[in-house]
Amino acid sequence: MSETHQPHRDAHHLRRNFVCHVLEGGLYMGGTAFLAPESVLPKMVQSLGGLPWVIAIMPVLLPAAFACMGLFIAPVVERLPRFKPWVLGFGLLQRLPYLITGLILLLVKDLDGWLLPLVVLTPLASGLIGGVTVVAWMEMVTRMVPAKVRAAGWSARYIMQAILGIGAGLAIQRVLTHLPGREGYAWLHLAAFTLLFLSWLAQLPMRESLLRHADPRPAPVPYIDYLRSLPALFLQQRHLTKLVLARFFGTGFLMLVSFLTIHALEVTSRPEADEGHFVTWQAVGTVIGSLIAGYVGYRSGGKVLLQGSRFVCLGLCGWVMMNQSFSGFAVAYFVLGFGLFLDRVGDLTLAAELCPSERRSTLQAILGFFNVFSLLLASFISGQVYRVTQSFEAVAWLAGGCAVISMLLLAQIPEPREAREAEAR
(Lines give C-alpha, C1' and ligand atoms only; values in the text may rest on other atoms or scores of the structure.)
Protein backbone atom coordinates (compact mmCIF):
# COMPACT_ATOMS: atom_id res chain seq x y z
CA MET A 1 0.00 0.00 0.00
CA SER A 2 2.82 2.36 0.81
CA GLU A 3 4.33 1.77 -2.64
CA THR A 4 0.97 2.56 -4.24
CA HIS A 5 0.74 5.90 -2.51
CA GLN A 6 4.45 6.78 -2.82
CA PRO A 7 4.18 8.65 -6.19
CA HIS A 8 1.25 10.66 -4.80
CA ARG A 9 3.24 11.61 -1.68
CA ASP A 10 6.25 12.57 -3.77
CA ALA A 11 4.09 14.77 -6.01
CA HIS A 12 2.58 16.43 -2.92
CA HIS A 13 6.05 17.08 -1.49
CA LEU A 14 7.24 18.52 -4.79
CA ARG A 15 4.29 20.93 -4.94
CA ARG A 16 4.83 22.02 -1.32
CA ASN A 17 8.56 22.45 -1.85
CA PHE A 18 7.92 24.47 -5.01
CA VAL A 19 5.43 26.78 -3.25
CA CYS A 20 7.77 27.28 -0.27
CA HIS A 21 10.69 27.90 -2.63
CA VAL A 22 8.69 30.66 -4.36
CA LEU A 23 7.53 32.22 -1.07
CA GLU A 24 11.02 32.17 0.43
CA GLY A 25 12.59 33.90 -2.57
CA GLY A 26 9.79 36.35 -3.18
CA LEU A 27 9.68 37.51 0.44
CA TYR A 28 13.47 37.69 0.71
CA MET A 29 13.95 39.75 -2.43
CA GLY A 30 10.85 41.79 -1.68
CA GLY A 31 12.46 42.69 1.65
CA THR A 32 15.69 43.82 0.02
CA ALA A 33 13.60 46.14 -2.23
CA PHE A 34 13.20 48.47 0.76
CA LEU A 35 16.96 49.05 0.43
CA ALA A 36 17.05 48.57 -3.34
CA PRO A 37 20.73 48.16 -4.30
CA GLU A 38 20.08 49.53 -7.80
CA SER A 39 18.47 52.79 -6.67
CA VAL A 40 18.15 53.43 -2.91
CA LEU A 41 21.59 52.36 -1.64
CA PRO A 42 23.75 54.32 -4.15
CA LYS A 43 21.85 57.54 -3.39
CA MET A 44 21.94 56.79 0.36
CA VAL A 45 25.72 56.35 0.22
CA GLN A 46 26.17 59.54 -1.82
CA SER A 47 24.07 61.50 0.69
CA LEU A 48 26.36 60.21 3.47
CA GLY A 49 29.48 61.40 1.64
CA GLY A 50 30.58 58.15 -0.01
CA LEU A 51 33.26 58.23 -2.70
CA PRO A 52 32.42 57.25 -6.32
CA TRP A 53 33.99 53.79 -5.98
CA VAL A 54 31.90 53.11 -2.85
CA ILE A 55 28.76 54.24 -4.67
CA ALA A 56 29.68 52.01 -7.61
CA ILE A 57 30.01 48.81 -5.56
CA MET A 58 26.71 49.14 -3.69
CA PRO A 59 24.57 47.33 -6.33
CA VAL A 60 27.03 44.40 -6.35
CA LEU A 61 28.18 44.31 -2.72
CA LEU A 62 25.55 41.83 -1.52
CA PRO A 63 25.84 39.32 -4.43
CA ALA A 64 29.64 39.56 -4.38
CA ALA A 65 29.76 38.86 -0.65
CA PHE A 66 27.38 35.93 -1.19
CA ALA A 67 29.58 34.41 -3.87
CA CYS A 68 33.01 34.71 -2.26
CA MET A 69 32.39 32.17 0.52
CA GLY A 70 30.90 29.38 -1.58
CA LEU A 71 34.14 27.91 -2.89
CA PHE A 72 35.54 27.43 0.61
CA ILE A 73 32.40 25.86 2.02
CA ALA A 74 31.51 23.62 -0.96
CA PRO A 75 33.53 20.54 0.16
CA VAL A 76 31.68 20.58 3.49
CA VAL A 77 28.31 20.99 1.79
CA GLU A 78 28.96 18.12 -0.64
CA ARG A 79 29.21 15.70 2.30
CA LEU A 80 26.16 16.94 4.24
CA PRO A 81 23.55 14.20 4.75
CA ARG A 82 20.83 16.89 4.89
CA PHE A 83 20.86 20.50 3.72
CA LYS A 84 17.84 22.02 5.45
CA PRO A 85 19.30 22.38 9.00
CA TRP A 86 22.38 24.11 7.57
CA VAL A 87 20.25 26.44 5.43
CA LEU A 88 17.93 27.37 8.31
CA GLY A 89 20.71 27.95 10.85
CA PHE A 90 22.92 30.20 8.78
CA GLY A 91 19.91 31.71 7.00
CA LEU A 92 18.64 33.19 10.26
CA LEU A 93 22.06 34.67 11.09
CA GLN A 94 22.24 36.11 7.58
CA ARG A 95 19.10 38.20 8.16
CA LEU A 96 20.05 39.66 11.55
CA PRO A 97 22.37 42.50 10.33
CA TYR A 98 19.34 44.38 8.95
CA LEU A 99 17.58 44.21 12.32
CA ILE A 100 20.73 45.28 14.19
CA THR A 101 21.42 48.21 11.85
CA GLY A 102 17.80 49.38 11.93
CA LEU A 103 17.75 49.40 15.74
CA ILE A 104 21.11 51.18 15.96
CA LEU A 105 20.01 53.89 13.51
CA LEU A 106 16.76 54.34 15.41
CA LEU A 107 17.96 54.20 19.01
CA VAL A 108 21.64 55.27 19.13
CA LYS A 109 21.97 59.03 18.78
CA ASP A 110 25.70 59.79 18.49
CA LEU A 111 26.70 58.09 15.22
CA ASP A 112 28.04 60.94 13.11
CA GLY A 113 31.22 59.20 11.92
CA TRP A 114 29.72 55.72 11.77
CA LEU A 115 26.66 56.14 9.59
CA LEU A 116 28.39 55.46 6.27
CA PRO A 117 30.39 52.40 7.47
CA LEU A 118 27.24 51.00 9.11
CA VAL A 119 25.17 51.31 5.92
CA VAL A 120 27.94 49.76 3.79
CA LEU A 121 28.78 46.93 6.19
CA THR A 122 25.19 45.74 6.60
CA PRO A 123 24.83 44.11 3.14
CA LEU A 124 28.47 42.98 3.35
CA ALA A 125 27.96 41.14 6.66
CA SER A 126 24.66 39.65 5.50
CA GLY A 127 26.24 38.52 2.24
CA LEU A 128 29.25 36.88 3.88
CA ILE A 129 27.02 34.84 6.20
CA GLY A 130 24.69 34.13 3.30
CA GLY A 131 27.67 32.84 1.33
CA VAL A 132 28.05 30.06 3.90
CA THR A 133 24.38 29.22 3.26
CA VAL A 134 23.97 29.66 -0.47
CA VAL A 135 25.80 26.56 -1.78
CA ALA A 136 23.71 24.26 0.42
CA TRP A 137 20.56 26.23 -0.43
CA MET A 138 21.25 26.03 -4.17
CA GLU A 139 21.89 22.28 -4.03
CA MET A 140 18.76 21.72 -1.92
CA VAL A 141 16.60 23.72 -4.34
CA THR A 142 18.14 22.15 -7.44
CA ARG A 143 17.34 18.67 -6.14
CA MET A 144 13.89 19.53 -4.76
CA VAL A 145 12.64 21.38 -7.86
CA PRO A 146 12.57 19.36 -11.14
CA ALA A 147 14.68 20.75 -14.00
CA LYS A 148 11.68 21.36 -16.26
CA VAL A 149 10.06 23.84 -13.86
CA ARG A 150 13.17 25.56 -12.47
CA ALA A 151 12.88 28.57 -14.79
CA ALA A 152 9.21 28.88 -13.81
CA GLY A 153 10.23 28.74 -10.13
CA TRP A 154 12.82 31.51 -10.50
CA SER A 155 10.30 33.52 -12.50
CA ALA A 156 7.56 33.13 -9.87
CA ARG A 157 9.97 34.26 -7.13
CA TYR A 158 10.86 37.37 -9.11
CA ILE A 159 7.20 38.16 -9.85
CA MET A 160 6.42 37.99 -6.14
CA GLN A 161 9.44 40.17 -5.43
CA ALA A 162 8.22 42.68 -7.98
CA ILE A 163 4.71 42.87 -6.50
CA LEU A 164 6.22 43.50 -3.08
CA GLY A 165 8.67 45.92 -4.69
CA ILE A 166 5.79 48.07 -5.99
CA GLY A 167 4.60 48.46 -2.40
CA ALA A 168 8.19 49.03 -1.22
CA GLY A 169 8.62 51.85 -3.74
CA LEU A 170 5.51 53.61 -2.46
CA ALA A 171 6.67 53.09 1.15
CA ILE A 172 10.15 54.46 0.39
CA GLN A 173 8.69 57.61 -1.15
CA ARG A 174 6.40 58.17 1.85
CA VAL A 175 9.01 57.34 4.51
CA LEU A 176 11.75 59.54 3.05
CA THR A 177 9.29 62.39 2.49
CA HIS A 178 8.15 62.47 6.14
CA LEU A 179 11.30 61.05 7.79
CA PRO A 180 14.28 62.12 5.65
CA GLY A 181 17.77 61.00 6.51
CA ARG A 182 18.79 58.66 9.30
CA GLU A 183 15.39 57.93 10.87
CA GLY A 184 13.88 57.09 7.51
CA TYR A 185 16.77 54.74 6.68
CA ALA A 186 16.28 53.06 10.07
CA TRP A 187 12.65 52.21 9.30
CA LEU A 188 13.61 50.97 5.82
CA HIS A 189 16.14 48.56 7.40
CA LEU A 190 13.49 47.31 9.87
CA ALA A 191 10.92 46.85 7.10
CA ALA A 192 13.50 44.87 5.12
CA PHE A 193 14.21 42.61 8.11
CA THR A 194 10.50 41.91 8.64
CA LEU A 195 10.10 40.42 5.17
CA LEU A 196 13.47 38.65 5.36
CA PHE A 197 12.35 36.91 8.56
CA LEU A 198 9.05 35.89 6.95
CA SER A 199 11.06 34.39 4.08
CA TRP A 200 13.02 32.32 6.62
CA LEU A 201 9.76 31.05 8.12
CA ALA A 202 8.56 30.04 4.64
CA GLN A 203 11.34 27.42 4.45
CA LEU A 204 10.19 25.54 7.56
CA PRO A 205 7.53 23.35 5.83
CA MET A 206 9.92 22.18 3.08
CA ARG A 207 10.47 18.40 3.00
CA GLU A 208 13.91 16.98 2.36
CA SER A 209 12.88 13.33 2.01
CA LEU A 210 13.07 13.57 -1.78
CA LEU A 211 16.86 13.73 -1.50
CA ARG A 212 17.02 9.95 -1.05
CA HIS A 213 17.50 9.67 -4.84
CA ALA A 214 20.39 12.14 -4.88
CA ASP A 215 23.82 11.28 -6.22
CA PRO A 216 26.22 9.62 -3.73
CA ARG A 217 28.33 12.03 -1.75
CA PRO A 218 32.05 12.17 -2.62
CA ALA A 219 34.54 10.70 -0.17
CA PRO A 220 36.30 13.30 2.00
CA VAL A 221 39.76 14.40 0.83
CA PRO A 222 42.34 16.72 2.43
CA TYR A 223 41.37 20.32 1.83
CA ILE A 224 44.61 21.15 0.01
CA ASP A 225 43.97 18.26 -2.40
CA TYR A 226 40.45 19.54 -2.92
CA LEU A 227 41.78 23.00 -3.86
CA ARG A 228 44.36 21.49 -6.21
CA SER A 229 41.67 19.52 -8.02
CA LEU A 230 39.52 22.55 -8.79
CA PRO A 231 41.32 23.92 -11.90
CA ALA A 232 41.21 20.54 -13.67
CA LEU A 233 37.59 19.98 -12.66
CA PHE A 234 36.60 23.40 -13.99
CA LEU A 235 38.53 23.09 -17.26
CA GLN A 236 36.89 19.73 -17.99
CA GLN A 237 33.65 21.65 -18.53
CA ARG A 238 34.74 23.50 -21.65
CA HIS A 239 31.79 25.90 -21.84
CA LEU A 240 32.04 27.20 -18.27
CA THR A 241 35.02 29.44 -19.11
CA LYS A 242 32.92 31.14 -21.77
CA LEU A 243 30.09 31.54 -19.26
CA VAL A 244 32.45 33.21 -16.77
CA LEU A 245 33.56 35.72 -19.42
CA ALA A 246 29.98 36.27 -20.61
CA ARG A 247 28.96 36.98 -17.02
CA PHE A 248 31.77 39.52 -16.58
CA PHE A 249 30.88 41.47 -19.71
CA GLY A 250 27.19 41.03 -18.86
CA THR A 251 27.57 43.34 -15.84
CA GLY A 252 26.63 46.34 -17.99
CA PHE A 253 23.32 46.73 -16.13
CA LEU A 254 25.15 47.01 -12.81
CA MET A 255 27.72 49.45 -14.20
CA LEU A 256 24.86 51.64 -15.34
CA VAL A 257 22.61 51.54 -12.27
CA SER A 258 25.35 52.49 -9.83
CA PHE A 259 24.96 56.10 -11.00
CA LEU A 260 21.56 56.07 -12.72
CA THR A 261 19.50 57.29 -9.74
CA ILE A 262 22.01 60.04 -8.97
CA HIS A 263 22.04 61.11 -12.63
CA ALA A 264 18.24 61.02 -12.91
CA LEU A 265 17.62 63.11 -9.78
CA GLU A 266 20.29 65.65 -10.80
CA VAL A 267 19.00 66.03 -14.35
CA THR A 268 15.36 66.38 -13.27
CA SER A 269 16.05 68.36 -10.05
CA ARG A 270 13.76 66.04 -8.08
CA PRO A 271 14.05 65.33 -4.29
CA GLU A 272 15.64 62.15 -2.92
CA ALA A 273 12.26 60.75 -1.86
CA ASP A 274 11.24 60.44 -5.52
CA GLU A 275 13.63 57.51 -5.94
CA GLY A 276 10.74 55.48 -4.52
CA HIS A 277 8.98 55.94 -7.88
CA PHE A 278 11.97 54.35 -9.61
CA VAL A 279 11.72 51.31 -7.31
CA THR A 280 8.03 50.98 -8.19
CA TRP A 281 8.57 51.16 -11.95
CA GLN A 282 11.50 48.77 -11.75
CA ALA A 283 9.23 46.33 -9.92
CA VAL A 284 6.60 46.60 -12.65
CA GLY A 285 9.27 45.82 -15.24
CA THR A 286 10.34 42.86 -13.13
CA VAL A 287 6.83 41.40 -13.25
CA ILE A 288 6.68 41.57 -17.05
CA GLY A 289 10.26 40.38 -17.49
CA SER A 290 9.81 37.49 -15.09
CA LEU A 291 6.59 36.33 -16.77
CA ILE A 292 8.30 36.27 -20.15
CA ALA A 293 11.45 34.70 -18.69
CA GLY A 294 9.45 31.92 -17.02
CA TYR A 295 7.61 31.08 -20.25
CA VAL A 296 10.64 31.25 -22.54
CA GLY A 297 12.92 29.51 -20.03
CA TYR A 298 10.42 26.67 -19.64
CA ARG A 299 10.31 26.14 -23.40
CA SER A 300 13.80 27.02 -24.55
CA GLY A 301 16.23 27.18 -21.59
CA GLY A 302 18.37 29.98 -20.21
CA LYS A 303 20.71 30.99 -23.05
CA VAL A 304 18.12 32.87 -25.11
CA LEU A 305 17.12 34.83 -22.00
CA LEU A 306 20.70 35.96 -21.43
CA GLN A 307 21.03 37.00 -25.05
CA GLY A 308 17.77 38.94 -24.87
CA SER A 309 18.90 40.74 -21.71
CA ARG A 310 22.03 42.00 -23.49
CA PHE A 311 19.88 43.55 -26.24
CA VAL A 312 17.75 45.23 -23.58
CA CYS A 313 20.90 46.58 -21.90
CA LEU A 314 22.04 48.14 -25.18
CA GLY A 315 18.69 49.85 -25.65
CA LEU A 316 18.70 51.10 -22.06
CA CYS A 317 22.18 52.62 -22.45
CA GLY A 318 21.05 54.59 -25.49
CA TRP A 319 17.83 55.76 -23.84
CA VAL A 320 19.32 57.09 -20.58
CA MET A 321 21.99 59.06 -22.46
CA MET A 322 19.31 60.96 -24.44
CA ASN A 323 16.52 61.29 -21.87
CA GLN A 324 16.02 64.44 -19.77
CA SER A 325 12.55 63.92 -18.21
CA PHE A 326 11.47 62.25 -14.96
CA SER A 327 8.86 60.14 -16.76
CA GLY A 328 11.56 59.03 -19.18
CA PHE A 329 13.72 57.83 -16.29
CA ALA A 330 10.70 56.00 -14.87
CA VAL A 331 10.52 54.18 -18.22
CA ALA A 332 14.25 53.48 -17.94
CA TYR A 333 13.73 51.78 -14.57
CA PHE A 334 10.87 49.74 -16.04
CA VAL A 335 13.25 48.57 -18.79
CA LEU A 336 15.94 47.94 -16.17
CA GLY A 337 13.63 45.67 -14.17
CA PHE A 338 12.57 43.87 -17.34
CA GLY A 339 16.11 43.25 -18.59
CA LEU A 340 17.73 42.55 -15.26
CA PHE A 341 15.38 39.68 -14.52
CA LEU A 342 15.67 38.20 -17.99
CA ASP A 343 19.34 38.05 -17.08
CA ARG A 344 18.85 36.54 -13.62
CA VAL A 345 16.39 33.84 -14.64
CA GLY A 346 18.50 32.97 -17.67
CA ASP A 347 21.75 32.88 -15.71
CA LEU A 348 20.41 30.64 -12.94
CA THR A 349 18.83 28.27 -15.46
CA LEU A 350 21.82 28.03 -17.82
CA ALA A 351 24.43 27.66 -15.06
CA ALA A 352 22.49 24.85 -13.32
CA GLU A 353 22.08 22.93 -16.60
CA LEU A 354 25.70 23.35 -17.74
CA CYS A 355 27.04 21.81 -14.50
CA PRO A 356 26.91 17.98 -14.22
CA SER A 357 24.87 16.92 -11.20
CA GLU A 358 27.59 14.85 -9.48
CA ARG A 359 29.83 17.91 -8.86
CA ARG A 360 27.26 20.65 -9.22
CA SER A 361 27.84 22.17 -5.76
CA THR A 362 31.56 22.64 -6.36
CA LEU A 363 31.17 23.89 -9.94
CA GLN A 364 28.47 26.36 -8.87
CA ALA A 365 30.82 27.55 -6.11
CA ILE A 366 33.65 28.04 -8.62
CA LEU A 367 31.33 30.03 -10.88
CA GLY A 368 30.28 32.11 -7.88
CA PHE A 369 33.90 32.72 -6.90
CA PHE A 370 34.70 34.00 -10.39
CA ASN A 371 31.56 36.12 -10.23
CA VAL A 372 32.89 37.95 -7.18
CA PHE A 373 35.79 39.29 -9.22
CA SER A 374 33.50 40.04 -12.17
CA LEU A 375 31.13 42.11 -10.05
CA LEU A 376 33.80 43.97 -8.09
CA LEU A 377 36.07 44.61 -11.10
CA ALA A 378 33.19 45.83 -13.25
CA SER A 379 32.00 48.14 -10.47
CA PHE A 380 35.51 49.43 -9.83
CA ILE A 381 36.03 50.16 -13.54
CA SER A 382 32.71 52.01 -13.83
CA GLY A 383 33.48 53.96 -10.64
CA GLN A 384 36.88 55.00 -11.96
CA VAL A 385 35.42 56.01 -15.33
CA TYR A 386 32.86 58.18 -13.53
CA ARG A 387 35.47 59.66 -11.20
CA VAL A 388 37.84 60.57 -14.04
CA THR A 389 35.28 61.81 -16.56
CA GLN A 390 32.49 63.00 -14.21
CA SER A 391 30.28 61.81 -17.07
CA PHE A 392 27.35 59.42 -16.76
CA GLU A 393 27.36 59.10 -20.55
CA ALA A 394 30.89 57.62 -20.44
CA VAL A 395 29.65 54.91 -18.05
CA ALA A 396 26.70 54.20 -20.37
CA TRP A 397 29.02 53.76 -23.38
CA LEU A 398 31.17 51.37 -21.33
CA ALA A 399 28.11 49.33 -20.28
CA GLY A 400 26.85 49.10 -23.86
CA GLY A 401 30.22 47.93 -25.19
CA CYS A 402 30.40 45.21 -22.54
CA ALA A 403 26.90 44.01 -23.50
CA VAL A 404 28.00 43.54 -27.12
CA ILE A 405 31.04 41.48 -26.09
CA SER A 406 28.87 39.34 -23.79
CA MET A 407 26.47 38.60 -26.67
CA LEU A 408 29.35 37.38 -28.84
CA LEU A 409 30.55 35.07 -26.06
CA LEU A 410 27.07 33.66 -25.41
CA ALA A 411 26.72 32.78 -29.09
CA GLN A 412 29.56 30.25 -28.59
CA ILE A 413 27.81 28.38 -25.72
CA PRO A 414 25.36 25.65 -26.81
CA GLU A 415 21.96 25.45 -25.14
CA PRO A 416 22.22 22.35 -22.86
CA ARG A 417 18.64 21.24 -23.50
CA GLU A 418 19.10 21.26 -27.27
CA ALA A 419 22.29 19.22 -26.89
CA ARG A 420 20.54 16.65 -24.70
CA GLU A 421 17.58 16.36 -27.05
CA ALA A 422 19.88 15.91 -30.04
CA GLU A 423 21.82 13.23 -28.17
CA ALA A 424 18.59 11.42 -27.25
CA ARG A 425 17.45 11.44 -30.88
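**A walk through the predicted model**

At 48% relative accessibility, Leu121 counts as partly exposed (buried means under 20% relative accessible area, exposed over 50%, and partly exposed in between, with a 1.4 Å probe and protein chains only). This is a predicted model, so local features need pLDDT of at least 70 and side-chain atom pairs count only at pLDDT 80 or more, while totals for chains, interfaces and linings use all residues. Residues are numbered from 1 along each chain as its sequence is written, and side-chain values use heavy atoms, with hydrogens and water left out.

Back to Leu121: you'll find Leu121 in helix H6, residues 115–144. Helices here are DSSP runs (H or I, at least four residues), numbered from the N terminus. Pro97 sits 24 residues from Leu121 in sequence, and the two C-alpha atoms are 8.8 Å apart in space.

Next, have a look at helix H3, which covers residues 52–68. From first C-alpha to last, the 17 residues of H3 reach 23 Å, close to the 24 Å expected at 1.5 Å a residue (the expected span is 1.5 Å times one less than the number of residues). There's a kink, though: H3 bends by about 60° at Val60, shortly before the proline Pro63. That bend is the angle between axes fitted to the seven residues ending at a residue and the seven starting there. H3 is also mostly covered, with 14 of its 17 residues buried.

Now for the surface. Leu51, Trp53, Leu377, Phe380 and Ile381 make up a nonpolar patch there, with about 470 Å² of accessible area together. Areas come from the Shrake-Rupley method with a 1.4 Å probe, and for residues only the protein chains shown count as cover. To join a patch, a residue needs over 30% relative accessible area and no salt bridge; like charges are joined within 9 Å, and nonpolar side chains (Val, Leu, Ile, Met, Phe, Trp, Tyr) within 5 Å. Helix H15 (residues 360–389) gives the most to this patch, with three residues. Phe380 lies in H15 and is partly exposed, at a relative accessible area of 44%.

On to the charged pairs. Five salt bridges turn up in a search of the whole structure, each one a side-chain nitrogen of Lys or Arg within 4 Å of a carboxyl oxygen of Asp or Glu. One of them pairs Asp347 with Arg247, whose closest N and O atoms are 2.8 Å apart. That pair links distant parts of the chain, as Asp347 is in helix H14 (residues 326–354) and Arg247 is in helix H10 (residues 240–249), 100 residues apart. Both ends are tucked away: Asp347 is buried at 15% relative accessibility, and Arg247 is buried at 14%.

Asp274 and Arg270 meet in another salt bridge, at 2.8 Å from N to O. Here Asp274 is buried at 7%, whereas Arg270 is partly exposed at 34%.

Then there's Asp343 with Arg310, where the closest N and O atoms are 2.4 Å apart. Asp343 lies in helix H14 and Arg310 in helix H13, so the pair ties together parts that are 33 residues apart in sequence. Asp343 is buried at 14%, and Arg310 is buried at 3%. Salt bridges that share partners also join Glu24, Arg95 and Arg157 into one network.

What is Arg310 in contact with, leaving aside its neighbours within four places in sequence? Ala246, Gly250, Asp343, Ala403, Ser406, Met407 and Leu410 are its contacts, where contact means heavy atoms within 4.5 Å.

Key. Helices (H or I, at least four residues) and strands (E, at least two) are DSSP runs, numbered from the N terminus.
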